[in-house]
Amino acid sequence: MNTITISLFATLCVGILSASPPETLVRKKRHWIIDSFQITEEYPGPFPYLLGKIEFEKKQVEKKQDEKKQFAVFFNLQGKGVTEEPKGTLTIDTHGEIWVHKKIDYEKHKQLNLIFEAYVLENNNVVTTRLGVEVEVMDINDNTPRFEKETYTVNLKESASQNTFLTGVLASDKDKYMTNNGTLDLRIVSVSPLPIDLEFYIEQSGPGNHRVGIIQFKGCLDHEKAEKYTILVEAKDRGEKVQLSSISTVIINIEDGNNHLPVFTGQTGSGRVKEGDEKVPVLRMQVSDQDTPGTDAWRAVYTIHVDKGNHFRITTDPQSNEGVLFVDRALDYEKGSLRNLSVSVTNMVPYHTCQVKGRPDKGLWDVVTTGDVPAIRQVVVTVEDVNEPPFFTPDVKNITVDENMPVGLSLEVFTAKDLDHNYDNTLLYMKGEDLNEWVKVDSKSGTITTAKILDREAPNIINGHYKVTLYAVDSGKPPMTGTGTLNIHLNDQNDNTPFLERTSMDMCLSDQASVTNITALDLDGDPYSGPFHFQLEGDVKDKWKLEPNNGYTGQQAVHNLSVTVCECSQIQHCDLRSATQLGGGTAIGILLALLLLVGVLLLALMLSCEGEMRPILEESSGNIMKSYIETPGSDCVVPLLPLQIPAITAVTQDNYEKRTAAGAELGSQSSNLLRDSVYQPGLGRQQGSFHWVQSTTLNQSMSIRSKYWSEDSYLDKYDALLPVLHKKTYRLQMQGNELGDYSPHPYAEEGDPETSSQLDAISIPESPFNTDMLLHLGPRFNTLASLCTTKLNSS
């Protein structure tokens, strides 16, 4: 059993109470010396064992006992180990002795604080004594040092230099700090396999119970000697009776470094390329390397040197480690048929070797290292000549000429070049895009001349520019073609007369001035497009007036302007007025007049057909006409009537009635209905106004304004319409398209007694046409009524 020491370091305090009757107990309090005890943790027993005894006023107690006075003492203990955890560890008996009943752990309870109480009964007086008792638990070496990890793993490059930090290990001890039991040390126990030209060491730091060990090495690493090292590190405490320790394992993996240089061993491939080719391989280069295949120390890296123009590119085949040389940009044979290159090879990781030269007792060892020494190979690439297309210099030309220049004018000489020396090429010049067919090209010299008169107002002209493309074709096999562009800028000339956008209009009879708008146009640009000078032709004195009539002088043109004058009231257009004022009788009259006109035309057609009958020529057609009657169809020629355009003239109200009556008298002949027509060319673009005067009470004015329109005037459209009408009429004379030739629908066959239900009865009114209603239309329709009456009587 360990020795127990007791120290007394409290003062005695005695409280004396005044005398009391014998039957009354008086309590007196005293604070005695505080005792301290020591107990060893994890004591194996046997239990219980005596920890110590509390002594207090021993002499006074013995004296009182000798005097045979009435005297009694009671003891009580409370606190940690008794009434608090660890409960049941300590007890006290009637003699004041403290007993230990079980083990105690220092790491859980380093000190037990207790309160000791003594109750003394003397002559009916109770004296209480309180002592503060401390029990210190003494630590023993019962905790083994522990590492933070049982195993540490490090991946280290072979090229790492000595004194490189590898890893740090951490160990600690839970025993009492600043004691031998809680102080530990780190050391390397073993290294496997045994290092050659290599030594691992550990440097520790930190407080005694919490150590950090830094592992490093001296010398050179060599993957070929060892791919992995296993290091055992021990943490051991300094316990006086028993020393405890533990082991941690450190694994060092040596990654293969580049300690072998790649060496060129061969070359495959033609080493030839056609000029103009891009992104094509030329050759492959082989190397050997003794480093581990598939590692960065084995993978080759190729570099091209002396490549003017950066035409080449080289890559590494990941499977074979070969260098593949590509032509990245097209080569030109005319600039050189042979290309000399220098290619070097290294590895993805730098080349490194290490050799130990000395091992001093202190500090690092003496070593020698070596860096990259790349291998170099000369490569020759042959460029093959091919037929390349000729090219224009420059490929775009711009020229400026005046429009309306004569045919045959030389515009430009556009030539191309061909740099191929191995081909006897003769260039042939051809025309490409020429939408208006304006130019022609000399096939040998490339001279461009005009084939038509150039017109700035023609189609396919954009802002006065016209584009022509040319081709230069060589005589190679296959022939190659170069393209050039000629942009022709046309200077404008005053070569277009002005014209009216509208050649007819309405004016209303009114006591006030009546206004209408007239628009004149000109296809030329400034300064040839206006303003213009306007002038009224013919018998216009005291009838029409134009104002203003001045402006820029330009090309002169004469146009007829047809003006219809009517009483409009609130309707501003004569045609609308006529439509709204027509009654039922008037409408019927107009309809009959139209029917009469169609009848006259058909009559003229029939007379022509009766005059000349032509048989159908089977050999010219090859088709058989189908007919459901016994008589064959007629094949007649429809005469082409001369088409005349209505005159555009200014007329007055009196002239209008006279001309209407005259036209009615000629109603029996269809050509007379169109006789009041004369074609005249067009007018121009200008602002102004003119006046028409009928009487002293009628004075109306019209305003003329200038704006641009399309290229063709109103009268020009009649010129275009005339050949179309002739073409349509001619087609009616073609075999198979004769007038009246059609495929009828059979409703019944000959001899069939039954009538088809599809045939409806047609009712024909028996009452004759009443020509009197035409007389109600006014004197203007008298002539038409007489013609209709004559026609009905003759039928």
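Strand β11 runs parallel to strand β17, residues 245–255, and the two pair over seven bridges. This is a predicted model, so please take the values as computed from it. Within that pairing, T153 has I251 of β17 as its bridge partner.

The sheet around them is open and has four strands, in the order β11-β17-β16-β13, with mixed pairing. Its edges are β11, 151–157, and β13, 184–192, each of which pairs on one side only. From one strand to the next, the twist averages 25 degrees. As a reminder, strands of a sheet pair through backbone hydrogen bonds, either parallel or antiparallel.

Next, the disulfide. The count comes to one. C220 is joined to C354, with an S to S distance of 1.8 Å. The link is left-handed, at -55 degrees about the S-S bond. C220 sits in the loop between β15, 210–219, and β16, 228–237, while C354 is in strand β25, residues 353–358, so the bond ties together parts that are 134 residues apart in sequence. Are the two cysteines buried or exposed? C220 has 6% relative accessibility and therefore counts as buried. C354 is partly exposed, at 28%.

Now the charged pairs. There are 17 salt bridges in the whole structure, and I will go through some of them.

K225 and D197 meet through their side chains, at 3.6 Å from N to O. K225 is in the loop between β15 and β16, and D197 is in the loop between β13 and β14, 198–205; the pair links parts of the chain 28 residues apart. K225 is partly exposed, with a relative accessible area of 46%, and D197 is also partly exposed, at 27%.

E322 forms a salt bridge with R284, and their closest N and O atoms are 2.8 Å apart. E322 belongs to the loop between β22, 312–316, and β23, 323–327, whereas R284 is in strand β20, residues 280–288; they are 38 residues apart. E322 counts as buried at 15% relative accessibility, and R284 is partly exposed at 28%.

K431 and D434 make another salt bridge, at 3.1 Å from N to O. Here K431 is partly exposed, at 28%, and D434 is buried, with a relative accessible area of 5%. There is also a network of salt bridges linking D185, R211 and R238.

Last, the surface. L428, M430 and Y471 make a nonpolar patch of about 250 Å². M430 is in strand β32, residues 428–431, and is partly exposed, with a relative accessible area of 40%.

Key. Residues are numbered from 1 along each chain as its sequence is written. This is a predicted model: local features need pLDDT of at least 70, side-chain atom pairs count only at pLDDT 80 or more; totals for chains, interfaces and linings use all residues. Side-chain values use heavy atoms; hydrogens and water are left out. A disulfide is a pair of cysteine sulfur atoms within 2.5 Å. Buried means under 20% relative accessible area, exposed over 50%, partly exposed in between (1.4 Å probe, protein chains only). Patches are made of residues with over 30% relative accessible area and no salt bridge: like charges are joined within 9 Å, nonpolar side chains (Val, Leu, Ile, Met, Phe, Trp, Tyr) within 5 Å. Accessible areas come from the Shrake-Rupley method with a 1.4 Å probe; for residues, only the protein chains shown count as cover. A salt bridge is a side-chain nitrogen of Lys or Arg within 4 Å of a carboxyl oxygen of Asp or Glu. Two strands pair if DSSP finds at least two bridges between them. Axes are lines fitted to C-alpha atoms, for helices over the stretch in contact, and angles run from 0 to 180 degrees between N-to-C directions.
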